[in-house]
Amino acid sequence: MNRVARSLLSLIALCQISSWCHGHGTPIFVSVNPSTGQLVADNGFDPGVLLPVTGGGFADSPGLAVTSQFVGLAFDEMIHVNVVQELMFWDGTNVVTATDTITIERPLGPGSSEVDTYVVDAFSGYQNGMLWGIFDSSPTWHADGLYVLESPTPQPGIYGVVLQLDSEIHVASEPFLLPLVYDPQATLGAVTVSKGIGDLQQAMVQLSHADFDRNTAVDAADLAVWQRGFGILGAARVVQGDATLDGVVSGSDFLAWQVEASDHAETPAATLAVPESSTLTLFLSLLFFAFIKGNRTSCAR
């Protein structure tokens with residue numbers, strides 16, 4: 001029996017003893033951009049609907065699926081899901097601070113995971129490590145996690161969870177919004193829900209263009225991406241080292257990374273001295289020119 005069949009049987013068994021199993025709406029489709037190697041999450045799906053569950057709380061489990069075997073994923077590639085930022089909430093008029101908590105539990109299925117549950121509230125930040133599924137080249141690969149609103153008396157409105165897909169083989173996807181609607185009195189019409197989703201999307205934290213590997217940090221790993229992409233002269237993407245969005249990976253992108261890296265620098269420990277900004281700038285500039293010189297020397301040979 002293959003992994004998909006085992007997962008489906010497990011899901012059916014769970015439905016028999018729990019009340020939260022219901023339709024998931026349109027799934028999120030996963031593919032790979034062939035020119036950049038970046039995961040792509042098509043989030044043009046219906047919003048999830050939070051419904052009562054046994055024991056209290058409200059839950060939904062929208063699908064996360066691969067549409068075909070031609071999407072660019074590798075056999076046995078592990079797809080992880082990350083939480084990018086704090087929980088957002090739209091109260092029917094505006095995006096306001098969320099007062100409730102949503103937990104995300106990993107799907108049923110094989111494979112080990114560093115994290116089995118994410119806790120997302122108004123104060124949580126970037127969270128990673130949860131395995132969502134292992135692509136086995138099936139024509140349709142599907143996995144469902146469980147989203148639970150941890151409150152006996154939640155506020156009606158739309159809860160916004162910002163997610164990201166990741167793997168060890170491909171570049172992490174851009175963050176995308178998972179809207180979860182709690183509307184027990186059915187007072188929010190389709191037009192109102194659409195407006196709320198639009199407002200939540202506007203409130204999403206935007207990743208820096210110098211965050212080339214899209215992991216929400218601007219650091220040495222991004223410099224390595226820029227080095228690999230240096231010299232691309234047209235149609236370059238952010239994930240290839242184009243921080244200035246001009247389609248070229250050049251020294252200007254290094255300087256943009258330098259500014260962002262300085263802004264994001266943190267003190268490793270209280271006992272360690274942090275170099276002054278002028279010293280750091282000089283070091284990074286020397287590193288850049290050494291790289292350029294090395295490139296020219298190798299080309300001359």
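Which residue forms a salt bridge with Asp 199? I looked this up before anything else.

**Entry: ground rules.** I am working with a predicted model, where local features need pLDDT of at least 70, side-chain atom pairs count only at pLDDT 80 or more, and totals for chains, interfaces and linings use all residues. Residues are numbered from 1 along each chain as its sequence is written, and side-chain values use heavy atoms, with hydrogens and water left out.

**Entry: Asp 199.** I found that the partner is Lys 195, with the closest N and O atoms 2.8 Å apart. I take a salt bridge to be a side-chain nitrogen of Lys or Arg within 4 Å of a carboxyl oxygen of Asp or Glu. Side chains of opposite charge can pair when their charged atoms come close. Both residues sit in helix α2, four residues apart, which is about one turn of the helix. Helices here are DSSP runs of H or I with at least four residues, strands are runs of E with at least two, and both are numbered from the N terminus. I noted Asp 199 as partly exposed at 24% relative accessibility, and Lys 195 as partly exposed at 45%. The cut-offs are under 20% relative accessible area for buried, over 50% for exposed, and partly exposed in between, with a 1.4 Å probe and protein chains only.

**Entry: the salt bridge count.** I counted three salt bridges in the structure. One of them joins the side chains of Arg 106 and Asp 116, at 3.9 Å from N to O. Both residues lie in the loop between β10 (102-105) and β11 (117-120), ten residues apart. Asp 116 is partly exposed, at 44%.

**Entry: Arg 214.** I then checked Arg 214, which forms a salt bridge with Glu 174, the closest N and O atoms being 2.9 Å apart. This pair links distant parts of the chain, 40 residues apart: Arg 214 is in the loop between α2 (190-202) and α3 (220-229), and Glu 174 is in the loop between β15 (157-166) and β16. Arg 214 is buried, at 4% relative accessibility, whereas Glu 174 is partly exposed, at 33%.

**Entry: Val 181.** Where is Val 181 found? I located Val 181 in strand β16, residues 176-182. Val 181 counts as buried because its relative accessible area is 7%. Leaving out residues up to four places away in sequence, I listed its contacts (heavy atoms within 4.5 Å) as Pro 47, Gly 48, Val 49, Leu 50, Gly 157, Ile 158, Leu 188 and Val 193. For Gly 48, I also noted a C-alpha separation of 6.0 Å from Val 181, although the two are 133 residues apart along the chain.
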